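Please open the structure in your viewer and keep the selection tool at hand, as this tour goes from one selection to the next.

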Amino acid sequence: MSSPLPPPDPSTVRLASPAVTPVAAVAAPASAVGRSPAGFWMVVSGAGLAVLAAFLPWVSVSAGFVSQSWNGLDRDGKFTLMLGIAVGIVALVSFQTGLKRGAAWAVGVAATGGLVLMVVDAADGASRLAKVNDLLDSYGHASLGVGVYLTFVAMVLVIVGAVLSQRRES
């Protein structure tokens, strides 16, 4: 019987083709190392949703055959639109170097301000709509529109994304 061959010496092992680059030699860009891309995409998605939500109905009123809705641009949606654009720009620009801690904090604080604005607006709007519903009695209905709720979701996405963007990947 023949004896098994000894294991090869790693220093003498050659790749089958010189055109093949070992995986370890291909490095990720320095900006992407250690940062969670999920946080970045949450910030960008939240910014996009905030922009979209400004154009959607924030208040809807219907009575009989008549209905009317107002979008965010008729009121504070102008601020959330500008906030969404600014947050999106900051996130996309800082993506080249990784979402830096200062940029992430600025994005998180701005989104928190937007969220507070939405809570105040929704509370104010809900109390006003309750009075309108009392006046309409059973002849109609007034409610907050989808744009308000989508702006809430957008601001929460941006805040969570800003926090996650600072966490190291494991």
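Two residues are said to be in contact when they have heavy atoms within 4.5 Å of each other. Keep in mind that this is a predicted model, in which the chain averages a pLDDT of 79 and 74% of the residues score at least 70.

Begin by selecting residues 21-34, where the pLDDT is below 50 and where the model shows 11 contacts beyond near neighbours in sequence. Where pLDDT is low, the predicted coordinates should not be read in detail.

Next, select helix α1, residues 37-55, whose end C-alpha atoms are 28 Å apart; this agrees with the 27 Å that its 19 residues should span at 1.5 Å a residue. Within α1, colour the buried residues Gly39, Phe40, Val43, Gly46, Ala47, Ala50, Ala53 and Ala54. If you look down the axis of α1, these buried residues fall within an arc of 160°, so they line one face of the helix.

Now move to Val107 in helix α3, residues 101-136. Val107 has a relative accessible area of 2% and is therefore buried, since buried means under 20%. Leaving aside neighbours within four places in sequence, Val107 is in contact with Val43, Val87, Val90, Val158 and Ala162. One of these, Val87, is 20 residues from Val107 in sequence, yet their C-alpha atoms are 5.9 Å apart in space.

Finally, select Trp58, Val59, Arg75, Gly125 and Leu144, which, of the 17 residues lining the largest pocket, are the closest to its centre. This pocket holds about 290 Å³ of space. Which element gives the most to the lining of the largest pocket? It is α3, with eight residues, while β1 (57-63) and β2 (66-71) each supply at least two.

How values were computed:
Residues are numbered from 1 along each chain as its sequence is written. This is a predicted model: local features need pLDDT of at least 70, side-chain atom pairs count only at pLDDT 80 or more; totals for chains, interfaces and linings use all residues. Side-chain values use heavy atoms; hydrogens and water are left out. Helices (H or I, at least four residues) and strands (E, at least two) are DSSP runs, numbered from the N terminus. The expected span of a helix is 1.5 Å times one less than its number of residues. Buried means under 20% relative accessible area, exposed over 50%, partly exposed in between (1.4 Å probe, protein chains only). The arc is that of the directions from the helix axis to the C-beta atoms. pLDDT is the predictor's confidence in each residue, from 0 to 100. On a 1 Å grid over the protein atoms alone, a cavity is a set of points where a 1.4 Å probe fits but cannot get out, and a pocket is an open set with protein on both sides within 12 Å along at least five of seven lines; lining residues have an atom within 4 Å of a point. Grid points are joined across faces, edges and corners, and a volume is the space filled by probe spheres set on the points.
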